[in-house]
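Subject: Structure for your review

Dear colleague,

Please find below the structure that I am handing over to you. My findings follow directly after it, and I would be grateful if you could read them with the structure open.

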Amino acid sequence: LNDYKLWLKYNKIENHDLSQAYSKTTNAVYIANIGDIIKNAKRELSLALPQMLGTQVTYESSITSETTLIIDVFNNLPEDLKLAVKKNIENINKEGFIIQSISRNNTPLTIITSKEEIGLLYGTFRFLREMQMHENISAKTIVDSPKIQLRMLNHWDNLDRSVERGYAGFSLWNWQKLPEYIDQRYIDYARANASIGINATVLTNVNANALVLTPMYLEKVEALANVFRSYGIQVYLTARFSAPIEIGNLETADPLDKNVQEWWSNKAAEIYKRIPDFGGFLVKANSEGQPGPQNYGRNHVDGANMMATALKPFGGNVIWRAFVYSEHDDTDRAKQAYDEFLPYDGSFKDNVIVQVKNGPIDFQPREPFHPMFGAYKKTPLAIEFQITQEYLGFSTHLVFLPKLFEEILDIDTYQKGTGSTIAKIIDGSLYGNKLTTMAGVTNIGTDLNWTGHPFAQANWYGFGRLAWDPNLNSGQIADEWIRTTYTNDKAFVEPIKKMMLTSREAVVNYMNPLGLHHIFDTGHHYGPGPWVDDLGRPDWNPVYYHNADKNGIGFDRTTSGSNALEQYAPFLEKAYSNTNTIPEEYLLWFHHLPWDYKLNNGEILWDGIALKYQEGVDQVDDMIKTWEAAKPFLNEEQFNEVHMLLQIQLKEAKWWRDACLLYFQTFSNLPLPKGVEKPAHSLEYYQSLKFPFAPGIKPSWN
Ligand code: BDP
């Protein structure tokens, strides 16, 4: 199956002149023999070049006057070449690279160089991507470095191979056959990640199982780490806070208890003995029922610092999640993480990173940014995006997420004057944090195409690209992905790009327009359930979030309501408090407004909501038309697969529109405006739909 190859398809280059030019550049390759990472760069060249150019690669054992391509670290280059790249080498960091073409003794020569071995792997992948995109490599100099240090995937994979919120099959990690059996998938996974610069992976679910920290599992983890290391990828594990009790025979997991501290220190030593470059622990504590320091009357700082102390001698990090909201707290859920964590800013050890989701609730199709960004000034913050589409139609709906990621990264928090963007907070440039991290909850599983929906591959790709450089533009990312995955033909690339770039707004429109949020059906979050009001905790219920009644709809987060707005910088607080100045896409996130409230375009709120739902459906209709017009560029299998998925997306977009509008209409008591299709069924019908099986949930989430 071609889809398995992701964006590393290396299609044959049909253009004769181009193919000739590339063959010349790669005619005689000198690639240094300095370690395992560069061996993988060589392997990639040997795989890619014959496919693209139809020729075998000739490798030279030393640099000669015939050499056309040199791949080596700066320090090993001959003096004249050092001189040629010197200016650029000063502009890269230790993972960066340079691709530069020069003329040496009147012969064209391309150099891929870097400070360290890993840069050569990244440079090689970049070189191959330029070829896949039919770029004129010898005419340009590429100087590039990652802007963020930890570019990390978070797997929510359980040890039984189920994946929480996973919609692409089972977990890749075959614990039963490890450590002896190394599945080719592990290698291809690492290749794909390295090709986009991802350099860290958390193998296990944040709802953690302590077993992974036992010797039997650590031996398996070690085997995976050995594979990933040669692609520059560091392994992390999730640490269950109560592990000292569960697998250590202690009676407590109190972080201030000497025995507990010693247990974690010994555990760290045991892990590092096997995996010298182990990254550290990702921890979900005192959140949604997970154990944590508060079980012992301690706080997040006590817990995180205890683990940080254990990891410190080995250079490991603790990534402590701030995804907390309590069942004993009846303040607005959107406020709780900020309230709880703000006082701790500056109290964490220097190897602690606090990981915050992009929005204050939970990976909705659109959320305003999490107010901890910008407000947290002394502690390094990692941003956590969700690549898997828990609230975005699973891997059935085509939604290009880099558009969402970009929207968040570009937002100005105003916390240190104008220009305090989230990208600058994450890359450390605003507050000078030393540890910088972007994490993505992955959408990968055992499906033949890795991600369930072929276009969901673009979300993995785009996450990696933005983690490398948070200033990249989502249009450019889509462009790269389409051209490496399908074809360079403009007649295909342009409309498909447009389709991808609209897809995110489409899903917002047909699920949660104008700032509505969390109106998904129970537990599995599949399909609409705005009427749900009977879950264990108020803040698990959609009615808590939309507050619809006969007077209006929306969550009042101004001073007359929960005042969540006070958590933002004064400039935004003011702008968002005023319905005239708040961007309309956040309207009902922050305001409860009457049904006849006048929107910017003169429509009343009820009509505006209804028309947005309709617009979402129409946008999916257009996506189908675009795909149908692209048929000549696709083989039958490729065409049909996405076509069928788009039909489901259309059906479900209508389901969302009809179910939500019928339900909200019971409060507004207003007719559907002109242009909105009549619902196919009654409200009772939509309310009666039950899904006994939806993928991606554990029994406890039912
Ligand atoms: C929510 C998911 C739940 C996760 C939780 C988390 O519904 O499965 O465990 O976030 O991030 O989005 O910890």
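In helix H10, the buried residues are Arg333, Ala334, Lys335, Gln336, Ala337, Tyr338 and Phe341. The helix spans residues 333-341 and is mostly covered, with seven of its nine residues buried. Please note that this is a predicted model. The buried residues of H10 pack against H9, strand S11 (317-321), strand S12 (352-357), helix H11 (372-375) and helix H17 (542-546).

Two packed helices are described by the angle between their axes and the distance between the axes. For H8 and H9 (residues 300-311), the angle is about 40° and the axes are 8 Å apart. The two helices are therefore oblique to each other, since an angle counts as roughly parallel if it is under 35 degrees. The crossing of H8 and H9 is right-handed. On the H8 side, the residues in contact are Val260, Gln261, Trp264, Ser265, Ala268 and Tyr272, and they meet Met306, Met307, Ala310 and Leu311 of H9. By class, this contact comprises eight nonpolar and two polar residues, with no charged residues.

Helix H8 (258-274) is also among the elements against which the buried residues of H6 pack, together with helix H5 (184-196), strand S8 (200-202) and strand S9 (234-238). Helix H6 has 15 residues, 215-229, and its first and last C-alpha atoms are 20 Å apart, close to the 21 Å expected at 1.5 Å a residue. Its buried residues are Tyr217, Leu218, Lys220, Val221, Ala223, Leu224, Ala225, Val227 and Phe228.

H14 passes H15 in a right-handed crossing. From H14, Gln457, Ala458, Tyr461, Gly462, Arg465 and Leu466 take part in the contact, and their counterparts in H15 are Gln476, Ile477, Glu480, Trp481 and Thr485. By class, there are five nonpolar, four polar and two charged residues in the contact of H14 with H15.

I turn next to the backbone. Most residues other than glycine have a negative phi, and most peptide bonds are trans. The following positions may be read against that background.

- The peptide bond from leucine 178 to proline 179 is cis, with omega near 5°. Proline 179 is located in the loop between strand S7 (150-154) and H5.
- Arginine 161 also lies in the loop between S7 and H5. Its phi is positive, near 75°, in a residue other than glycine. With a relative accessibility of 23%, arginine 161 counts as partly exposed.
- Tyrosine 10 belongs to the segment before helix H1 (16-25). Its phi is near 50°, again a positive value in a residue other than glycine. Tyrosine 10 has a relative accessible area of 1% and is buried.

Three further residues deserve a separate note.

Where is histidine 591 found? Histidine 591 sits in the loop between H19 and strand S16 (593-594). Its relative accessibility is 6%, so it counts as buried. Leaving aside neighbours within four places in sequence, histidine 591 is in contact with Ile553, Gly554, Phe555, Asp556, Thr558, Tyr576, Ser577, Asn578, Thr579 and Ile582.

Is asparagine 580 buried or exposed? Asparagine 580 has a relative accessible area of 64% and is exposed. Its place is in the loop between helix H18 (570-577) and helix H19 (587-590). Asparagine 580 and lysine 434 are separated by 146 residues in sequence, and their C-alpha atoms are 40 Å apart in space.

Glutamine 638 is part of helix H21 (residues 636-668). Its relative accessibility is 17%, and glutamine 638 therefore counts as buried, the limit being under 20%. Not counting residues up to four places away in sequence, glutamine 638 touches Tyr486, Trp627 and Phe633.

Yours sincerely

Key: Residues numbered from 1 in each chain as written. Predicted model: local features only at pLDDT ≥ 70, side-chain atom pairs only at ≥ 80, totals over all residues. Heavy atoms only, no water. Helix = DSSP H or I, 4+ residues; strand = E, 2+ residues; numbered from the N terminus. Expected span 1.5 Å × (residues − 1). Buried < 20%, exposed > 50% of the residue type's maximum accessible area, 1.4 Å probe, protein only. Contact = heavy atoms within 4.5 Å. Axes fitted to C-alpha atoms, helices over the stretch in contact; angles between N-to-C directions. Parallel < 35°, antiparallel > 145°, perpendicular 65-115°, else oblique. Left-handed = near helix turned anticlockwise from the far one by under 90°. Nonpolar A, V, L, I, M, F, W, Y, C, P; charged D, E, K, R; others polar.
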